[in-house]
Amino acid sequence: MSKFEFIVDGPPVSQQARRRERLREWKVTVRQEAEKYWSSDQQTATGFVMLQITYFYDSVAMDVDNIVKPIQDSIIGLAYVDDGQVTDIIVRKRNLSGNFKIENMTSILAEGFARGNQFLHIIVLDAPDQEVLT
């Protein structure tokens with residue numbers, strides 16, 4: 001699969017959210033945003049994939065372990081056939097007011113910063129070699 005990236009205005013909704021309707025709405029939002037960035041040239045991955053999710057927040061950030069599952073579920077059938085294909089996940093959060101350096105800024109990530117609010121930057125790409133651990 002070619003690299004697929006998109007942004008979603010945040011904050012994310014936790015898989016543990018008590019209001020299940022809010023979680024369902026969040027998943028729909030993630031899917032709709034992913035579809036906006038999905039190119040007709042791209043094909044749904046059939047092999048192993050890796051997710052990289054960065055939550056850029058402006059005040060209080062949720063725990064990173066609660067961010068993954070709703071996003072992972074939302075792009076089934078678009079970025080990959082089944083979430084069982086996801087073998088590697090990097091999830092991180094960064095305070096927008098903090099100091100950090102960004103290497104290899106993409107136009108999509110720059111778009112997220114230009115919006116001026118908290119957001120998630122999500123990348124789906126081929127999984128690393130399954131026979132090598134670093």
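When I say contact today, I mean heavy atoms within 4.5 Å of each other. With that in hand, hello everyone, and let's walk through this chain together.

A word on the model before we start. It is predicted, so to speak of local features I need pLDDT of at least 70, and side-chain atom pairs count only at pLDDT 80 or more, while totals for chains, interfaces and linings use all residues. Residues are numbered from 1 along each chain as its sequence is written, and side-chain values use heavy atoms, with hydrogens and water left out.

Let's begin with the overall picture. Of the contacts in the protein chain with a separation of 6 or more, 80% are between residues 24 or more positions apart. Along the principal axes, the C-alpha atoms fill a box of roughly 40 × 35 × 30 Å. Buried residues are 41% of the 134, where buried means under 20% relative accessible area, exposed means over 50%, and partly exposed is in between, using a 1.4 Å probe and protein chains only.

Now the elements. The chain has 3 helices and 4 strands, and in sequence order they give β-α-β-α-β-α-β. These are DSSP runs numbered from the N terminus: H or I of at least four residues for helices, E of at least two for strands.

Please look at β2, residues 49-57. On one side, 9 bridges join β2 to β3 (residues 86-95), and these two strands run parallel. β2 also pairs with β4 (residues 119-126), in the antiparallel sense, over 8 bridges. You can follow this at V49, which stands opposite V86 in β3 and opposite D126 in β4. Next along, M50 has D88 of β3 as its bridge partner, and L51 stands opposite V124 in β4.

Is β2 enclosed or open? In β2, 9 of the 9 residues are buried, so the strand is largely enclosed by the rest of the structure. V49, L51, I53, Y55 and Y57 point one way, while M50, Q52, T54 and F56 point the other.

That brings us to the rings. The structure holds 8 aromatic pairs. Rings of Phe, Tyr and Trp (its six-membered ring) pair if their centres lie within 6.5 Å; planes under 30 degrees apart count as stacked, over 60 as edge-to-face, and the rest as tilted. Y55 and Y57 make a tilted pair, 5.8 Å centre to centre with 45 degrees between the planes, and both are buried. F56 and F113 are edge-to-face, at 4.9 Å and 65 degrees. Since F56 lies in β2 and F113 in α3, this pair ties together parts 57 residues apart in sequence. F56 is buried at 5% relative accessibility, whereas F113 is partly exposed at 26%. Ring pairs also link F56, F100, F113 and F119 into a cluster.

Lastly, the crossover. β2, α2 (residues 68-74) and β3 make a right-handed β-α-β unit: with the strands pointing away from the viewer, the path from the first strand over the helix to the second runs clockwise. N66 sits in the loop between β2 and α2. What does N66 touch, leaving out residues up to four places away in sequence? Its contacts are V13, S14, Q15 and Q16. S39, 27 residues from N66 along the chain, has its C-alpha atom 28 Å from that of N66.

Technical notes: Pairing = 2+ DSSP bridges.
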